[in-house]
Amino acid sequence: MVSANDWQMRAEAYAFLGNSLLAPMTQTSDVGCDPAFWEAFPDFGNAEVARAAAELAAWARQQAESDIAREKLVERVSVEYTHLFVGPPSPAAPPWETMNRREGATVGFGEPTFQMRALLREAGLELSGENRQYEDHLGIELLYASELCRRAGEDADADDGGTDAEIDAGADGKIDANTPSDLARFLDEHPRGWIDAFARRVEDAAPDGYFARFVALVRAVCNLP
């Protein structure tokens, strides 16, 4: 059984990974350039997660040993981000589910977008910020997974007799006791169903870059049991 603390760690991991895919490193945290950050990244007892984090640590260590200035490294990763996920002329690896579900899809805003919009609405979540994205962006799906993990942790705390957790009730005022199964179903129906295709696009476009390793970690975390 997953503990409340482990759910919290998963929530934090999903949130970090999701936010890192929603904006370039110049606009978010640059901790991904630190070997120590990846060495301390939780592996949840999973060999695939541990291996992916170790690859990122090795990449960061190699950059540090090359004496490249931190500012220049962050700029380089941000340029890679733009090439892969933004363009122009178009992203080399579109980060939306709609464009990865079907071979050759070039138009966004498909059925997965509507599905994610409904899930976010049902969970009482709302997108905000200047850089609005279609709801089936991988970063948004990871943030949704983070919220499900957070709620699962609160449920676990309540089951253990904890009194400090603030548990979110649904529209009917009842606690959803099935949050872990909701998470598993969501991961199966959404990110797990298309992240392999997305990862191949990233690897093809920038095989030696930061994000090929980063997306490998995303895939490993999404595949956690």
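Predicted model: local features only at pLDDT ≥ 70, side-chain atom pairs only at ≥ 80, totals over all residues.
Local features need pLDDT of at least 70, side-chain atom pairs count only at pLDDT 80 or more, and totals for chains, interfaces and linings use all residues. Residues are numbered from 1 along each chain as its sequence is written, and side-chain values use heavy atoms, without hydrogens and water.

View 1. L56 sits in helix 3, residues 47-65 (helices are DSSP runs of H or I, at least four residues, numbered from the N terminus). L56 is buried, at 0% relative accessibility (buried is under 20% relative accessible area, exposed over 50%, partly exposed in between; 1.4 Å probe, protein chains only). Beyond four places in sequence, L56 contacts W38, Y210, R213, F214 and L217 (heavy atoms within 4.5 Å). The C-alpha atoms of L56 and W38 are 6.4 Å apart, across 18 residues of sequence.

**View 2. Aromatic pairs.** The whole structure holds 20 aromatic pairs (Phe, Tyr or six-membered Trp ring centres within 6.5 Å; planes under 30 degrees apart are stacked, over 60 edge-to-face, the rest tilted). F37 and F41 pair edge-to-face, with centres 6.2 Å apart and planes at 65°. W38 and F214 are also edge-to-face, at 6.4 Å and 80°. This pair joins helix 2 (residues 35-39) to helix 10 (residues 210-222), so parts 176 residues apart in sequence are tied together.

**View 3. Cysteines C149 and C222.** The whole structure has zero disulfides (cysteine sulfur pairs within 2.5 Å). The sulfur nearest to that of C149 belongs to C222, 9.8 Å away. C149 is buried at 0%, and C222 is buried at 0%.

Notes: Helix = DSSP H or I, 4+ residues; strand = E, 2+ residues; numbered from the N terminus.
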